[in-house]
2 protein chains.
Amino acid sequence: MTFSLTVLGSNSALPTSERYPTAQILNVSERFFLIDCGEGVQMQLRKCRINFSKINHIYISHLHGDHCFGLIGLISTLSLLGRRGVLHIYAHEELEKIMAPQLEFFCADLSYSIQYHHLNFENKEIIYDDKRVIVESFPLSHRVPTCGFLFREKPKEPNVRKEAIFKYGLSIREIVAIKNRQPFFDEKGRQVPFDELVIEPPRPRSYAFCSDTKYFRRIIPHIEGVNVLYHEATFMHELKALAKSSGHTTAHQAAKIARDAQVGKLLMGHFSNRYKDLKPLLAEAQAVFRKSELVQDGTVYEIE
Amino acid sequence: MTFSLTVLGSNSALPTSERYPTAQILNVSERFFLIDCGEGVQMQLRKCRINFSKINHIYISHLHGDHCFGLIGLISTLSLLGRRGVLHIYAHEELEKIMAPQLEFFCADLSYSIQYHHLNFENKEIIYDDKRVIVESFPLSHRVPTCGFLFREKPKEPNVRKEAIFKYGLSIREIVAIKNRQPFFDEKGRQVPFDELVIEPPRPRSYAFCSDTKYFRRIIPHIEGVNVLYHEATFMHELKALAKSSGHTTAHQAAKIARDAQVGKLLMGHFSNRYKDLKPLLAEAQAVFRKSELVQDGTVYEIE
């Protein structure tokens, strides 16, 4: 089952020719979740050959332009492509007010409807839930209300072993009960060990997105043990005062969060334009947490 | 003296990975005029290594999203870069109303001011004039009010030949008079031929931008004899009915305009996404007007 992240844009507010403003696509079993929507998203989606029609949910972490200026172009293009299904946008409630006059003027004949969902910036909240995936938002700490997002696969049922079905002559009802992890007793009344009965499914995978935020340890319980954490790393640690005052994180701090939350891997982005060479940011993070990486626009990261 | 066009975006409403929505930069003696501002302009400017601070004038042909969705990102970035000088935006008066709430929300602390100039969609009008260049707008015919733009270098003064200064012992006052093309008489009272006195400057160059528009012959007097004409060519001529109903032009029609206006060269853009191969559009145009070209994003066209 697919669980992969495509980075569409990874720079801070000032884009470069190689790094667009923040946007990512998370593909969970062919559900394409768009996380933030910086300017140029639709061109980046084209470059990455992502089917526009598969995007039904857009999560906007906060209302700074580098995280949402690509919305109007994408919305307009989806209509030109004849979209019919509802587009769900999760954001601060102000977004709806800001978009309304633009939509009225530029997209008066939109081919589909938009449903806005207002994020909760105080507490963790489940914002999407289907049979395969749960999406939760949780508060970050930036200059304006900002949410992080956590995407978790749902646990799958175990597969009952063919040899167990044969050996114990299991009925359909017994198989369903075993899949639901109910104890099974053989004809002598002994409980059969569970691993003799089933093949366990792969462990559910998870991905957390944290940008923009200052160093904010209160996120740790929310992201604990995720397979992959994307965390902003705007500055080197020597600029930690600037990071704090501007509501951003240093590479060192991002790695500390990753280490203390015991995540599988840290992906860093949202780099300040002052750094022409990003290797020092990587080194700074890896000194704290070895499995740190700098993301690249256009790269697909498999979450394993 | 520089007179060159950089194409930043050249597609119609649906951008591709290789063609962004409409935007161009015309460099006239280091004045950088931005013509239309489709999404992604700021990234394209970076790729083309154009200095953002040199852009003081933006001309928006009409208020369809693919010609102006890049404005808010560019305006925001110019402020992050600390711009001080006034930014002049020439557009339909509605633009100011559409931008106001976005600017208020996203750019409350803009480091510079914006001056809007309302275009005249009824008649040709001079909209900018300095010692080097004149910019005029003129009406096109599209689904919404739309202007074309004409950029003309001003004629330069001739240089008085050194040998003439020596031969006739010209005073400063006489030299100024000759530069102003006043007749000069030698000591015997004979008028000296002008080409014996001066070296003529290069002929002033000109560039016209016509997009979006249906086939509209009334533009011909405005663009007559320009060195380079950019004209939209959205469709092949077999779709001329669609071109007309959607307010666009076919490649054949664009070439007829170029031929009948006796321009030096035709640059075509704004191609419909249905054409994966654009060579047939080029062939169709060249059958009518040999000096037709398809523009490419990121290419610089010297106007000679």
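Start with chain A of this predicted model: its mean pLDDT is 96, and 100% of its residues reach 70 or more. The model scores ipTM 0.92 and pTM 0.93.

Next, show both chains and look at where they meet. The contact takes 24 residues from chain A and 24 residues from chain B. On the chain B side, α1 (41–47), α2 (71–80) and α3 (94–106) each supply at least two of the residues that touch chain A. That side of chain B divides into 12 nonpolar, nine polar and three charged residues.

Now select A:Gly247, in the loop between α8 (240–246) and α9 (251–260) of chain A. Is A:Gly247 buried or exposed? A:Gly247 has 21 other C-beta atoms within 10 Å, so it is buried, the cut-off being 20 or more. Beyond its neighbours within four places in sequence, A:Gly247 is in contact with A:Ser141, A:His142, A:Arg143, A:Asp212, A:Thr213 and A:Lys214.

From that list, pick A:Asp212, in the loop between β12 (206–210) and α7 (220–223) of chain A. The peptide bond leading from A:Ser211 to A:Asp212 is cis, with omega near -5°. In chain B, a cis peptide bond joins B:Ser211 and B:Asp212, with omega about -5°. Most peptide bonds are trans.

Stay in chain B and select B:Asp36, in strand β3 (residues 31–37). B:Asp36 is not a glycine, yet its phi is positive, about 60°. B:Asp36 counts as buried because it has 27 C-beta neighbours inside 10 Å.

Last, go to B:Gln262, in the loop between α9 (251–260) and β14 (265–269) of chain B. Phi of B:Gln262 is also positive, near 50°. B:Gln262 is exposed, with 12 other C-beta atoms within 10 Å.

Conventions: Residues numbered from 1 in each chain as written. Chains lettered and ligands numbered in written order. Predicted model: local features only at pLDDT ≥ 70, side-chain atom pairs only at ≥ 80, totals over all residues. Contact = placed C-beta atoms within 7 Å. Helix = DSSP H or I, 4+ residues; strand = E, 2+ residues; numbered from the N terminus. Nonpolar A, V, L, I, M, F, W, Y, C, P; charged D, E, K, R; others polar. pLDDT = per-residue confidence, 0-100.
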